[in-house]
Amino acid sequence: MSRFFNATIQENVPVHANHNLLTLSIPEGAPAPLPGQFFMLQVSRGSDPLLKRAFSIFRTTQQGVQLLYRIRGRGTEILRTMKEGAVLEMLGPLGNCYPNPPRDKMPLILAGGIGIASVFPLIEKFAGRSIVFYGARTKDDLLMKDKAEKLSKKLFISTDDGSAGSRGTIAAVLSSFLADPHSPIPDCHIYACGPHPLLRAVSEIAERHGVTAYVSMEEHMACGIGACLGCVVKTRSGYSSVCKEGPVFKSTEIVW
Ligand SMILES: Cc1cc2nc3c(=O)[nH]c(=O)nc-3n(C[C@H](O)[C@H](O)[C@H](O)COP(=O)(O)OP(=O)(O)OC[C@H]3O[C@@H](n4cnc5c(N)ncnc54)[C@H](O)[C@@H]3O)c2cc1C
Ligand code: FES
């Protein structure tokens with residue numbers, strides 16, 4: 001089946017200030033999305049905005065595929081106003097997925113801000129097994145915190161303003177965790193999604209401790225299929241398009 005299809009909005013509800021949860025029913029036979037993959041959504045029938053917008057697969061439920069999104073600019077503002085029954089053109093699922101950790105490795109899952117949308121399927125997949133690190137600007141920007149807490153073995157929280165968890169970045173929390181002599185190094189693998197500087201910090205911390213880390217890069221995208229080169233990043237092997245060869249990369253592959 002083609003990866004281009006029409007999806008119908010089942011629900012588009014606010015979950016927090018400036019964040020919505022969108023549920024879309026997708027046609028039967030559409031490929032099942034894997035943790036880490038994403039969809040491109042055409043939020044307008046006209047040319048404003050012209051380009052599709054990328055959204056990670058947050059969950060797959062009986063009602064359909066769920067996307068968790070932050071209202072950021074023109075495209076997501078239009079998306080926020082869309083009601084049940086509206087039809088959207090979609091492309092996907094696209095990109096690669098988070099690799100499974102070997103059975104003896106504990107998953108350490110890290111999210112910064114809306115990066116939680118990308119890693120949430122992993123938190124569900126490794127229910128009761130993973131340690132989750134989740135950072136946001138303020139406590140109001142922590143989405144799905146209670147669900148993440150229930151599903152994880154342990155949840156560490158940080159906020160920039162100290163309104164929940166420790167004050168500062170979640171990378172600093174990860175760093176302290178790995179520096180603790182009781183940490184399960186080298187028996188863990190890190191999976192992270194968030195802003196570029198956070199992923200760079202995670203990569204440095206992982207390298208310092210000799211831990212394997214995978215990062216999901218959320219570069220600006222235009223085509224989503226490797227045709228426009230709008231999302232390329234420098235890698236050890238040259239340049240890679242995040243939409244086709246990513247969005248998940250081994251952290252040591254990226255030239256930060
Ligand atoms: C693979 C991938 C998965 C993503 N998953 C999600 C998700 O699950 N939920 C979610 O809310 N967002 C996600 N994003 C980001 C999302 O695509 C952008 O927020 C969205 O395109 C913004 O569209 P807009 O028209 O509202 O904003 P625009 O008007 O296009 O931009 C508004 C502001 O946001 C900035 N911006 C736009 N896109 C990005 C980006 N990719 N990274 C950093 N800054 C950006 C712009 O520079 C500008 O300052 C993902 C991006 C990628 C590439
Ligand atoms: S968005 Fe066009 S190559 Fe990736």
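Biologist: What makes Asn-18 partly exposed?

Modeller: Asn-18 has a relative accessible area of 42%. Buried means under 20% and exposed means over 50%, so a value of 42% falls in between and Asn-18 is called partly exposed. Do keep in mind that this is a predicted model.

Biologist: Where does Asn-18 lie, and what is its phi?

Modeller: Asn-18 sits in the loop between strand E1 (4-16) and E2. Phi of Asn-18 is near 65°, which is a positive value in a residue other than glycine.

Biologist: Is Met-144 buried or exposed, and how do you know?

Modeller: The relative accessible area of Met-144 is 15%. The cut-off for buried is under 20%, so Met-144 counts as buried. Met-144 also has a positive phi, about 60°, although it is not a glycine. You will find Met-144 in the loop between E9 and helix H3 (145-151).

Biologist: Why are E4 and strand E5 (59-60) said to stand at the edges?

Modeller: Let's start with the sheet. Seven strands make an open sheet in the order E4-E3-E7-E1-E2-E6-E5, with antiparallel pairing. E4 and E5 each have a single partner strand, so one side of each is left without a neighbour in the sheet.

Biologist: How do you know that strand E2 (residues 19-25) pairs with E6?

Modeller: Two strands pair if at least two bridges are found between them. Six bridges join E2 to E6, so the two strands count as paired, and they run antiparallel. Within this pair, Leu-21 stands opposite Leu-68 in E6.

Biologist: How much space lies in the largest pocket, and which residues are closest to its centre?

Modeller: The largest pocket holds about 1,200 Å³ of space. Of the 45 residues lining it, Arg-70, Arg-72, Ile-114, Gly-115 and Glu-218 are the closest to its centre.

Biologist: What makes up the lining of the largest pocket?

Modeller: The lining divides into 17 nonpolar, 18 polar and ten charged residues. Domain 1 (4-94) and domain 2 (106-253) each give at least three residues to this lining. Elements that supply at least two residues each include strand E6 (65-70), helix H2 (116-125) and helix H5 (196-209).

Conventions:
Residues numbered from 1 in each chain as written. Chains lettered and ligands numbered in written order. Predicted model: local features only at pLDDT ≥ 70, side-chain atom pairs only at ≥ 80, totals over all residues. Heavy atoms only, no water. 1 Å grid on protein atoms, 1.4 Å probe; cavity = no way out; pocket = protein on both sides within 12 Å on 5 of 7 lines; lining within 4 Å. Points joined across faces, edges and corners; volume = space filled by probe spheres on them. Helix = DSSP H or I, 4+ residues; strand = E, 2+ residues; numbered from the N terminus. Nonpolar A, V, L, I, M, F, W, Y, C, P; charged D, E, K, R; others polar. Domains from an automatic or database assignment. Buried < 20%, exposed > 50% of the residue type's maximum accessible area, 1.4 Å probe, protein only.
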